[in-house]
Each structure stands twice: as C-alpha cells, then as structure tokens.
Amino acid sequence: MKLLRLTLRQVRYTNKTFWRNPASAFFTFAFPLMFLVIFTSLLPKGDVQIAGLFVKQSTYYVANMAAFSVITACYTNIAMSVTFQRDAGILKRTQGTPLPGSAYLAARVLHAMLMALLLVVITAAFGRLFYNADIPAGGTLLRFAVMLIVGAAAFCSLGLAMTSFVPNAEAAPAVVNASILPLLFLSGIFIPIGDTSPAWIRWVARIFPVRHFALGMSAGFFGTPFEWKDVLVVAAWGVGGLLVGARRFSWEPRR
Amino acid sequence: MKNAIEIRGLRKSYGDVDAVRGVDLTVAAGEVFALLGPNGAGKTTIVEILEGYRKRDAGDASVLGFDPGTAGPDFKARIGIVLQSTGIDPYLTVAETVALYSGYYPHPRPVDEVVELVGLAEKHDERVLRLSGGQQRRLDVAIALAGDPELLFLDEPTTGFDPSARRGAWEIVKSLAALGKTVLLTTHYMDEAQYLADRVAVIAGGKFVAEGSPATLAGRDAEDTWIRFRLPAGAEPPPQVASQQPEAGGYLAVATEDPTGDLHALTGWALDHGYRLEALEVLRPSLEDVYLELTGAPGDDARTEHAASSGRQRRRRR
C-alpha cells in the first residue's frame, strides 16, 4: 500500500518533468500526428491489402501511427530519458533515499503507459475527425485494449533494458533511434509490407515485436482477425526485456 | 551514545586496483569527521561503501547499527547523502525538488525550513535549470537534509565554490553539528577540515596514514616551529641559535623547539648590534604541511623522507 502510494506520487512528479521538458513532450506528441499527415498526403491514395482485406489508406496509417506513438512513448522515451537521468546522477541519488528502486521504475513505466494511452486516443480521434478512419469499438475494443496494454508494458520493459546498452547520454538519441527506426520500416509501420515483400524483410518482421504489435493494434481498427499469437510474441519480448534489464540495468552513470 | 560509524579492516578493489587497503574507523555520534586525501586516495570509495552504494570485499562495517552492504529503506531513511557530483532534475523548482525528496522519508523537515537553511529562499520557485552551480550544490545539501537525517555524508561538498559560498556551506555544516548530527565529510581542502572537523583522518593509497584532531594531527603540535627573518646585509649569522638554514634572498630560517627562548635570544642579538630583523615571522607547521608530508607519492618506499623534505622546501619558500 505504501509502495503504491509512493509510486503514484512519483508518477505525478514524472509527469511534471515530462511536460516541462519541451523536447520530450513535443516530439512524443507531435511526431505521430505529423507522420500521419505526411504519409497520408505523400503516398498514393487507395486501399491497402491486409490479410486478404482491403483497408482505406488513411485507416491503415491511423492504426500504424497509433502503434508508432505507443512505441515512441514507451520504448524511445524511456530508453532516452532514463539514460539521461542515469547519466545526470539522478538515479544514483534516488538510490540513496528510502524510495525503493522498484517504485521509481514502476512510476516511469506507469507514466509512459498513460502517455501511450493518451496518444492512442489523440491519434484515433484525429484520424476519425480528419480522415474519417474507422476506430475500434465493441468487442474488438476489448482485444485492442489487451494488445495496447501488453504492448505498452513490453516496450517499456525493452526501453529499460535498452538503457543498459547505451554508453552515455550523448549517445542515447543515436543508439536508441538506430535500434528502433530500421525495425519500424521493416515492420510495415510507415510503408505497408505484404506477401510480395522480400523474404528477409518478412522474416525480420516475424521475429521482432513491432510488426506483431502493429497487427494486433490494427485488428481493432480494420476488423482483421485478431491473433493471440501476436500478443504472445510481444509479451515474450517484454519478458525478455525484463530479464535483460534485471541483470544489466545500472543506477549509476556508466563510464 | 553509540558510535555512528564503525569499520574494521575495510577492503575494496576494482580489478587490479586496491582502492581501500584495510581501514579502521570509528566516528562517534554527534562528531564531525573529515577524510582528507588527494584524488584517488580512496575517500569516495570508503564513503560510498558506508552509504550502501558499493559492496566491500572484506572487513566489518556498521553504520547506525546497520550493515550498509545489505541495509534497505529503514537505513536510508536515517542518512543524508551529498554525492560528489550533483544530479537534480532540471525541470522542477527548488521547492518542488525538496518536496519530492521529503516525501520519501518518514519524518521529513518542513520544505521551506530546509530551503531557508541552505540560503535558497529567494530561489524558492526557480527551476533548477536556472540555478548557478553553487546554488545547485546548495540544493544538493537541501535534498540531503530533507529527511532530517541523523548522519550526513558530504563528499567534497564545496569543491568549485567561491570563497564566500564555501563560508556559507561551512556555516550550514556547523549548524548541523550544533543540532547533534553526525557528519562524515571528505575534502581536499585543509582549511575546510580544520574549520569543520572534530577529527581528521588523512588517507593516501587506500590507507589511513594519520588520524587525530586537526590541531594535533601527526604530531603537528610537537613539531618544530620556525623563526624566519632577513639577515641584515653584512651581518654574521647569530651564534646564539642552532639549526640555522640560510635561504635565497638573504633570509635565514631557524628551527626551534623553544620559540620563546630562541626568539628572545635572537631579538637580544639584533638589538645589541643595532639590526632590524626585517620580515620577522614565527611559523608553526600548518595542517597543509602535515598533509603534504603524509600524502607524498603513494607506494614509494622513500616517501616519508621525500615528502618531509619537500614539505620543508615549501615552508622555506614562504
């Protein structure tokens, strides 16, 4: 109970610093919408074929940008800001107080998941308003919510694990982006991939969690079949991230 | 009252480097204790073991009755830590920062009181981002005080301060000591140790080389005093005093175990010959001299000899 109280209090402070940091707040919130506008304007209008179904290009991008925003808020945001806090000595200082490390990390994860939820709502509302995109409702909404929560938690866990591979704060943007950007392209987040895409790309998409997460999210928007397998793969990556993080996570600046 | 800190045979290595090589230390409750030593001597390693950041390789350690290697939040609730480098979220205000940390402790001090104590009342609602380095360091101290700790660790708290900021920080530490807090301080400033500490240990190469009160450290009180003056042109050195050392610029330095008698003899000699003893001064070995003698190149067998002579050289150059 005390741990919960400490965690929720920590969430409030995390939120305060998040919104006061212009870079983190702006990019986390502006990028998904910006990309949504760019991609829907840039690429040829028409339908995208997903699992034998034709979906409106705009709906396709609303779903994918929703997935992208979760990945940004959870994976990218956590990997970078926790690295910054580690290198600034804030994590080390926190370790010198009675606040349990678990409460600190839980607060970071909880906050990122709340931001992710907010972003998905904004992206879906934006898509509905300007592109008349279909948005999840009814029974699909529940399954969509499961994918969203599992995915957000898993990408937070991977973000925390990633901090242990970032040598210092200066390297954080480069290392974190290098780890996620190629994967976003290879997983069809920005440009659709399908049966005609090169085999290696389809393999990459099958192994890593981004594609599975995007498909699970899309099912809510498109009405395509929802595969529990996708949830399992994403969850497995999340558990993997947790194991790596538990072994390698550092509270002190790495030199 | 019980001792705040007790350590026996403390050891710690990083790879091949023996950072701490068998240290014994007792700090009584309410005492201000300073660890004095050059960079890399092992000060921070010792302090970070006691704070619970590092695991010791060998030896016993007890801090407020806890084993710092395994102690949890109950232990952290009773200590305050000022690390060597500051790390504060830049986007919170001074008061928000102190409030954030107060909330971690069972019996915090009122936020405004802490902010006032470190002299940041005017910056109460200023973001950390906009504080100067010295002000951020004071906020560091405020955070360490937020939980009203019994024991305070200050790792080089005034490094990089301007003289008036240092004075201010010293007054804060003095006032904490007056409240009965125990303070373990590391520093490489002699005057800081001298002004603040009840007791001082000098550490070099991972070992204590001397321990005592600032006034008596390493026989400082028993060491020779020096009388120094400029020998008048053409004058023969006075026959009354032994162990004289001529120095550049026509100075003469006289080591003495009896400053009163020797000074009397010298001034008598000067008056008899009608000399004025220009630039006359009486020098007691400073804590800095003692420190430099003690912390010469570590691992060097001839170190005491070498350091002693370089210490004397320094004195002569004055």
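**Briefing: the A–B interface and the nonpolar cores**

Between chain A and chain B, 15 residue pairs are in polar contact, both residues being at pLDDT 80 or more; a polar contact is a pair of N or O atoms within 3.5 Å, where within protein one must be able to donate a hydrogen and the other to accept it, and residues adjacent in sequence count only if both atoms are side-chain atoms. The model is predicted: local features need pLDDT of at least 70, side-chain atom pairs count only at pLDDT 80 or more, and totals for chains, interfaces and linings use all residues. Residues are numbered from 1 along each chain as its sequence is written, chains are lettered from A in the order in which they are written, and side-chain values use heavy atoms, with hydrogens and water left out.

**Interface of chains A and B**

- The side of chain A that touches chain B receives two or more residues from helix 1 (2-20) and helix 4 (90-95) of chain A; helices (H or I, at least four residues) are DSSP runs numbered from the N terminus.
- Helix 1 of chain A gives the most to this side, with seven residues.
- In contact (heavy atoms within 4.5 Å) are 22 residues of chain A and 25 residues of chain B.
- The two chains bury about 2,300 Å² between them, 53% of it on carbon and sulfur atoms; buried area is the accessible area (1.4 Å probe) that two parts lose on being put together, summed over both.
- In chain A, R20(A), R93(A) and P98(A) lose the most area to chain B, together 34% of what that side buries.
- Five salt bridges are counted between the chains, each a side-chain nitrogen of Lys or Arg within 4 Å of a carboxyl oxygen of Asp or Glu.
- One salt bridge joins the side chains of K16(A) and E96(B) (3.4 Å, N to O).

**Nonpolar cores**

- The largest nonpolar core has 121 residues, of which M65(A), V70(A), I189(A), F213(A), M217(A) and L139(B) touch the most other members; such a core is a set of buried Ala, Val, Leu, Ile, Met, Phe, Trp, Tyr and Cys residues joined through side-chain atoms within 4.5 Å.
- Helix 3 (residues 57-87) of chain A gives the most to this core, with 17 residues.
- Another core, of 31 residues, lies apart from it and includes A19(B) and F208(B).

**T97(B)**

- T97(B) lies in helix 3 (residues 94-102) of chain B.
- T97(B) is buried, with a relative accessible area of 1%; buried means under 20% relative accessible area (1.4 Å probe, protein chains only).
- The side chain of T97(B) reaches the backbone oxygen of T93(B) at 2.7 Å.

Note on methods
Buried means under 20% relative accessible area, exposed over 50%, partly exposed in between (1.4 Å probe, protein chains only).
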